Structures are given as C-alpha cells and as structure tokens.
Amino acid sequence: MQAGQQLFNGFDISWYTKNRMKSFLKKVGASFGFVIILMPIFGIILSIGNAANVSFLKEIGSILFSNIGIWFTLAIIIGFTSNKGAAVFTGVLSYLVVNVFIAASINKNNENTFFNIWFWHNLSVNAYLSKLFFGGIETFNSGVIGGILIGIYVTYIYNKFKDTQLPKGLEFFAREKLVIILSVIFSLIFASLFIIIWPVFGFILTAIGSGVAKSPIGLDSFIFRTVQRMLIPFGSSLLWQSPMWYTQIGGSLNEYQQDLLIQYLYRVTSQENLQTINLLASIPEKGHSQQEIIEIFSKYLNEYISYDWLFKSMNEWFENTNSIFATNPSGDQIIWNIVSTNKYITVDDCWNSGLRISRFISGGYVNSIFVLPTLSCLMFLMTPKGEKRAKVGIYITAALTAMLVGVTEPVEYLFCFTMPLFYFSIYCPFNGLIAAITSLFKVKVGTSFSTGLFDFTLSGIVPTVNGVNTRIWIIPLIGICSSITIFAIAFFWFKFFNKKENLININARKLRDSLQLFIEDLGGFKNIKQYSLKENQLEVVFKNVPDFKSLFNYVNKIEKQEKGLKLSIKPENEEVVLLFDKIYENRKTKKEINKSI
C-alpha cells in the first residue's frame, strides 16, 4: 500500500477532473485519427491525377479534401458514441440539413462575385463559399470547424436521448428514432445561428491566417512545432495542429488568387513582355475571382496595345484553376496536397506569393528520420548491460516506426514520462528550432499522412523528380547536424540528470492509471448514490448501472441486491479499491465543508 499512500498524500479533488480531461483529449485525438488515416491514399490518388491530368483520379482525390467537414463530423461521432450506426446516420443527415439550409439562403448577384444571406450583404463568393459534393451544394466554407461543431451536437443529442422512452402511442418515435428527429430540428436552429455568426468568425480566421503568413519567417514554424510536441504526452496534439493544417489559420488559397496568377504569368511569358507582368504585379488592388482580376488588370493596361498573348495565358490559367478555387481550399496540408503536382499553381508560386505552405510540416521529417532514431539508439546504449537483451526489441521497433512510418509516439513515450524535464525543456524547443531552420532554408516538403521515409518518398522525392523545387537535399544536412547535436545534449543529460528524474515512483503511477480506469468503469463519482466498503466487499448503489463486463476486471463476483450491487474484489485489486475508498471519502468531506461554508 506504500505506492498508494504516496499517491494519496498528494491527492486533491482536482486530480479526477484533470484525468477526465486528459482522457477526453485522448479520445478527441483518436477521433481525428479516423480522418488523418485517409490522407495517404487520397493524397496519392490526387497527386497522380494532377501529375497525369486524369480527371476521374482528381475527382476521387477531391472526395476527402473538398468535403473535409463531413469526415470530421463522422470522426467525432464515431469516437464519442462507440461507433454506433444510428449516430453516424444522424451525423450525415444533420450535415446535409445544415449545409442545404445555408445554400438555400444564399442569393448571388448577377456576376456571381458577391452574395447576400439574410442581413449580410455583398459578401465575397470566393472568400466565404465553397462547393461540396462535386459542386452539388454551394455553402459556407466552414470546413473542419463546421464539421466538428455538427459532430459535437449530434454526439450530445445521441448520448442524451438514445434510451429515452415516450408515452404509449408514441413508442415508434422513441430511443434512436427520437435522436434523428431532434437532430434534424436542432440542425435547422444551428444553421440559423451559423448564418448569423460565421461571416464574422470566417473573417477573423482569415485575418489570423494572414497575420500568421506575414509573421517573420521561421517564427510561426518554431511556435507550432514546439507546442505540438509538448501536447504529445497528453494525446491532444491534433487539437493544436488541425487548425493549421485544415483551416484558414494555415492559409487560404483564394486570398492569393491574383498573386498566384502573376507568378504563373512570370513563368510562361517571354522576356520581351516581362515589363507588362511587372506592371501587373505592382497593382495594389486585389481581386478574388476571374471577373474581378480581369477588370483590375484592364484598368492598368494600355488600351491602344494588343494583349492577346496575355489574355490567352490568363484564360488558360483560369480554365484549369477555377475548379480548385471553387472548393476554397484552406490549411497548410490541404493546400500542399492540391498544388504539389499542379503545373498551374506550384509550390514555388505559393511561397513567392507569401503563402509558405509546408512550413508546419517539413521540420517533422528531420525529427522522425534522424532525431528520434538517434535518441532511441542512445537510450539503448545507456541501458544497463543486464537489461539490454530484453529491451533491444523495444528500441529498434520504436526507432523504425518513427523513421519509416513517421509515427513518433513509441520513441517519445519512452522518455516523456520518465524524463519530463528533458522532454519539455530540451526536446520540444529543439524540435521548434529545427522547424524554424527548415522554414528559413525554404524547404518545401509536405505530407499526405506523416513524416517518415515512406511519405518522404511520396511527398518529397517524387515531386522533386517531377520538377517541384522542394529543396529536399537540405533535410539530410539538417538531419545529420541535428542528430549529432541531440546525441551530445541527451548523453550529457542522461549521464548526469537521469538519476534525479528516475525518482518518479513507477508503481504509484501504475496504480494511479488503474484507479482512473476503475473510476471510469463505475461510471464516474457522479454515478454513485451510496457506497460502502467492508473488507473486500464493495456495496454500491448506482444512478445508472454500468457495464458488468468491464467490472469483472476488478471483481470475482457480482451480486444483485435490493438497492444496488455487491462486488467481491479480486485480491490483486484490493489496493486500487482501498485507494478509491479514501478518495471517495475525501471528495465527500470536501463537499460537506463547501456546503457548510
């Protein structure tokens, strides 16, 4: 009971809340994984379609990237409803209701460049709208954010009303059918509120994205990468990186439409006509549609000179890019997947226009392929001789997983909990520094899934062979220097400071984790009406009876009583239950004190 006593001595009522939040964040991260795992296959299909100019492959690839919102809706629902079919069905229906309602409320002007919606007037089509389901629905470009919000309220309604019974005569509409009805009604309310709020929110997101793009080169990458690594131990890094990768905060391609056209014209215009392109590049006005841009250019061109060559190039560019801008692609990773193999909008065009795509990603390759295998090797070398044979498989597997697939957690989990000071004060900022350096050297390697050698080949080597100026050769140079540096720092740290960090009581931590699982299997403290512990017999009265199967991890026998359950605790779990008893009494005492105050 020594480990349990040490744990209890430092316990306060906030511990349970913190662990509940940690569990929640992990579940959110796992939910986002359902969408992240789709990135490789659809990214490859889209890249092949763009490279070979095969239309049906482009359409297949756009299933994910042009309709990203609905996939996040379904991911949230799957993660928080234990993959219930009725909940997923309700999510699809709600997403359609919201977006069709918004689409029906939009009134465009004759030129299709501006639109009105309720009391909002003259909003830019290119800035606020996108086409879903291959152009079938034109609605707000809420993307990931809209999808997550719809997923949240559908999940709440499902979990709240899935077991609700109705009076006689209405039984047909009870339980999960009631969930569907309520979700449709709430979707109409949500769509109405969204129409009121989104124009302001969308403007704020775009402004933040523009501010991030104009920040000193390397600074945004440093902050992003440092914070991302700091969130890995809590399982919530996707909450931080998703807005940069999939929303306007990571950049909006439509905001740079005119600048991207000019970069294209620079590439295809002959030397004697470059002066005209220089004139167009100096124009302060910015258009966000084909008609607007042509009108702006026409004002500055000499009406007595023929510009047939110019308008021919411009029309060809618009013909091949209007379908891209119609989906209003936003976010670092989504834009990369669209332009990495496109000859009309190239990666260099984006960087020259001020949209530094892949800046949040490139540094990850150095970490996955070089830094983490180096740390894994060092930890193995520092392992005591008697333990090396037993642990060699762990370190090799973790290193190869990071290097080949780009999944970094197996290595990071080897030291982030046992050496937290090294992890947060050295490793995380070091990753931020690597990201800043790759950004300063203008390394342009994106990703379709992760940052391992497989994606390095697909997203780095293949685009480079196809003529994209990725500057991929810089990554191995930075990687070798980073490996040498982190090896030296980590060796010194492990040698002189590891003993202090290893004072963490491993048994107490394991007991704490077992206790957290036990509390969750009981349905949480709030689910307990009455409770008493006598020797190894636990008598509990629940508000809602939990799943019996999970309780058998801790008990030998479950007996039904008049008011609740009687649980016979397994001997190996007595310490967990004794600690639970102390914590429960502690919470009860604190509540009584608060009431008296």
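This is a predicted model: local features need pLDDT of at least 70, side-chain atom pairs count only at pLDDT 80 or more; totals for chains, interfaces and linings use all residues.

Entry 1

Entry 2. Where does Trp118 lie? I found it in the loop between strand E2 (114–117) and strand E3 (120–124). Then I checked its accessibility: Trp118 counts as partly exposed because its relative accessibility is 40%, and that class runs between 20% and 50%.

Entry 3. Arg471 was my next stop. Here too I read a positive phi of about 55° on a residue that is not a glycine. I placed Arg471 in the loop that runs between helix H22 (453–465) and helix H23 (474–496). With a relative accessibility of 27%, Arg471 also counts as partly exposed.

Entry 4. On to the sheet. In what order do the four strands of the open sheet come? I wrote down E6-E7-E9-E8, with antiparallel pairing. Which strands stand at the edges? They are strand E6 (528–534) and strand E8 (555–560); each has a single partner strand, so one side of each has no neighbour in the sheet. From one strand to the next, I noted an average twist of 20°.

Entry 5. I zoomed in on one pair. E6 and strand E7 (residues 537–542) are joined by six bridges in the antiparallel sense. Looking across from Ile528, I found Phe542 of E7 standing opposite.

Technical notes: Residues are numbered from 1 along each chain as its sequence is written. Side-chain values use heavy atoms; hydrogens and water are left out. Helices (H or I, at least four residues) and strands (E, at least two) are DSSP runs, numbered from the N terminus. Buried means under 20% relative accessible area, exposed over 50%, partly exposed in between (1.4 Å probe, protein chains only). Two strands pair if DSSP finds at least two bridges between them. Axes are lines fitted to C-alpha atoms, for helices over the stretch in contact, and angles run from 0 to 180 degrees between N-to-C directions.
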